[in-house]
Every structure is written in C-alpha cells, then in structure tokens.
Amino acid sequence: MNTINRREFLKTSLAASATTALAVAPASAAEPAGTASGRQYLELRAYRMKPGASHALLDAYLEAAFIPALNARGIPAVGVFTEPEAKDGLAVWVLIAHPSLESVGAITAALNADPAVQAAGAGYLEAPTAAQPAFDRIDSWLLLSFAGLPRLAVPALAREHKPRIFELRTYESFSELKALKKIDMFNAGEIGLMQDLNLSPVFYGQVLVGRDMPELTYMLCSPDLETHKKNWAAFGAHPVWVKLKNDPQYADTVSHITSRFLVPAAFSQI
C-alpha cells in the first residue's frame with residue numbers, strides 16, 4: 001500500500017471506529033460535553049508557595065497578564081483566591097471555566113508564548129530564581145461541570161464588587177460508581193436546594209484529572225462566614241436534603257470531605 005493510500009485507509013478506519021463507538025455508547029458518554037450540552041470544563045489550579053514566601057510576583061502576573069489574556073480568548077471571568085487559615089501551606093487558587101476541552105489545551109499551550117503576556121508578565125516569567133521562586137509548584141485539576149449547573153455562575157456579590165467568602169468543598173469516594181451516584185444526588189435536588197437557600201453555588205465539577213480520585217469539587221459563596229453557616233444549617237435541616245440523605249441509592253457515596261474557606265484577591269473576577 002503506498003503512502004497516500006495508507007493515509008486514506010487510516011482516516012477511513014478511524015472515522016468508522018469513532019462512528020461505531022458513538023453508536024454503541026450510552027447517551028451520557030457520547031454527549032459532546034462542553035459544546036452542545038453547555039457543560040464547561042473547569043480548571044482549578046493551586047500555586048503552592050514556600051513557607052513565608054511572598055506571592056506578589058504571582059499576583060502581578062495574574063492581574064496584568066494572565067487574566068487579561070484569558071478574557072481576550074473568550075473566558076469572561078477568572079477567579080483568584082487565597083486561604084487565610086490554610087492547614088497545609090499557603091497557596092493561590094485560580095479557577096478557569098473553559099467552553100470546551102479544546103480550549104483547555106489551546107490556551108494552556110499558547111498563553112505564555114504570547115508576546116503580550118510575556119511583556120505584561122515579565123517580572124513573574126523572568127525574574128524568579130531557584131533561590132527566590134515565584135511559587136513552589138502548581139497543582140491542577142480538570143473538572144467537568146454537572147448537568148445541574150452546566151456553566152460557572154459568577155455570584156452577584158462578585159459582580160457588585162462586594163465583600164464575600166467562598167467555601168471550596170471536595171468529596172472523595174471509595175468507588176467510581178459511588179462517586180457517580182453522588183453526582184446524581186446533587187443533580188436530583190442538592191444543587192437546586194443550595195440555590196434556594198442562598199448558598200450561591202459557583203460551580204460543581206466531576207474531577208476528570210487530578211489526585212485523590214474519584215472525587216468531585218464544588219464552590220459556594222456568601223457575604224460572610226456567619227451568613228454561610230446559617231444557610232448551611234438550614235440546608236442540613238431541610239426536608240429535601242433529609243429525604244435525599246436517607247435514600248438507599250445514595251448510601252456510602254462519600255468517604256472523605258475536605259473544606260476550605262477562601263477569600264478573593266482584589267482583582268478576582270469571581
């Protein structure tokens with residue numbers, strides 16, 4: 001088989017295989033998530049800092065270079081947060097909502113090669129040394145938003161530039177199927193109830209790539225910690241939640257919960 005024919009053969013074979021896979025896959029697996037469904041891919045980053053280190057260089061880069069570049073590429077709101085009472089070391093948290101998986105790859109690959117980013121972020125990109133780095137390491141998680149909240153919801157408090165706090169919650173599971181059941185439980189009523197009780201959900205995401213899987217992560221917003229605790233207590237006592245919690249199909253879906261309270265940077269868009 002010559003080179004041209006071999007290429008045509010491979011293209012035809014791959015196309016046929018893809019068509020067959022879509023034909024036999026369940027609808028949820030074949031759905032083009034992040035496109036026609038409206039569900040987004042969320043990237044959550046943690047820029048870990050060395051003890052006592054300043055994150056001024058990182059903040060300047062995020063504000064002057066990173067966020068404007070993302071906005072220019074069609075990502076309207078980027079969140080930047082810190083955890084005042086972190087128990088596992090200081091980190092700067094960044095939340096990015098992508099319309100598609102292609103967006104994740106294209107933007108990540110091109111961002112720091114952009115001359116405008118290099119110019120605006122020169123201090124962060126060029127000044128750090130091994131002795132004085134801008135960060136220690138970057139952790140990153142890729143999530144797929146839930147059907148019950150397919151797009152990131154910028155809280156009214158953020159749009160109005162009012163004081164606010166965020167709770168970032170991660171639920172780990174001991175079973176991949178149980179993890180999916182917990183997602184079903186959110187879509188079946190938890191999300192709507194949290195919205196009704198002014199817990200102001202920002203996103204819910206199934207972790208596709210990251211550590212400690214299987215897990216899901218979500219974020220809530222409140223004007224202050226006291227209000228948040230009051231609304232959370234109302235959620236825990238609500239008949240809708242009690243009914244969901246006692247439904248046998250949702251038993252043993254969570255094996256570990258991590259909660260972090262975050263505050264937004266002055267330049268955060270969320």
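A residue is called buried here when its relative accessible area is under 20%, exposed when that value is over 50%, and partly exposed in between (1.4 Å probe, protein chains only). Because Ser 222 has a relative accessibility of 0%, Ser 222 counts as buried. The structure is a predicted model, in which local features need pLDDT of at least 70 and side-chain atom pairs count only at pLDDT 80 or more, while totals for chains, interfaces and linings use all residues. Residues are numbered from 1 along each chain as its sequence is written, and side-chain values use heavy atoms, with hydrogens and water left out.

Of the 270 residues in the chain, 41% are buried. Contact means heavy atoms within 4.5 Å. Among contacts between residues at least 6 apart in sequence, 78% join residues at least 24 apart.

Ser 222 belongs to strand β7 (residues 215-222). Its neighbours within four places in sequence aside, Ser 222 is in contact with Leu 157, Arg 164, Ile 165 and His 228. With His 228 there is also a side-chain to side-chain polar contact, at 3.0 Å. Such a contact is a pair of N or O atoms within 3.5 Å; within protein, one must be able to donate a hydrogen and the other to accept it, and residues adjacent in sequence count only if both atoms are side-chain atoms. A polar atom of the Ser 100 side chain lies 3.1 Å from the backbone nitrogen of Ser 103.

Turning to the interior, a nonpolar core is a set of buried Ala, Val, Leu, Ile, Met, Phe, Trp, Tyr and Cys residues joined through side-chain atoms within 4.5 Å. The largest one has 23 residues, and Tyr 61, Leu 62 and Phe 66 have the most contacts inside it. Two or more residues of this core come from each of α3 (56-72), β2 (78-82) and β3 (91-98), with α3 giving the largest share, eight residues. Leu 62 touches residues including Tyr 47, Val 80, Val 92 and Phe 267. A second, separate core of 22 residues includes Leu 42, Trp 93, Ala 97 and Trp 141.

Val 117, in helix α5 (residues 115-120), is buried, with a relative accessible area of 2%. Among the residues that Val 117 touches are Tyr 61, Ala 65, Ala 69 and Leu 125. Val 117 and Ala 65 are 52 residues apart in sequence, yet their C-alpha atoms are 5.0 Å apart in space.

Finally, the strands. Two strands pair if DSSP finds at least two bridges between them. Strand β8 (residues 256-264) pairs with β2 in the antiparallel sense over two bridges, and Thr 82 has Val 263 of β8 as its bridge partner. Strand β5 (residues 165-172) also pairs with β8 in the antiparallel sense, over seven bridges; here Leu 168 is partnered with Arg 260.

Definitions and conventions:
Helices (H or I, at least four residues) and strands (E, at least two) are DSSP runs, numbered from the N terminus.
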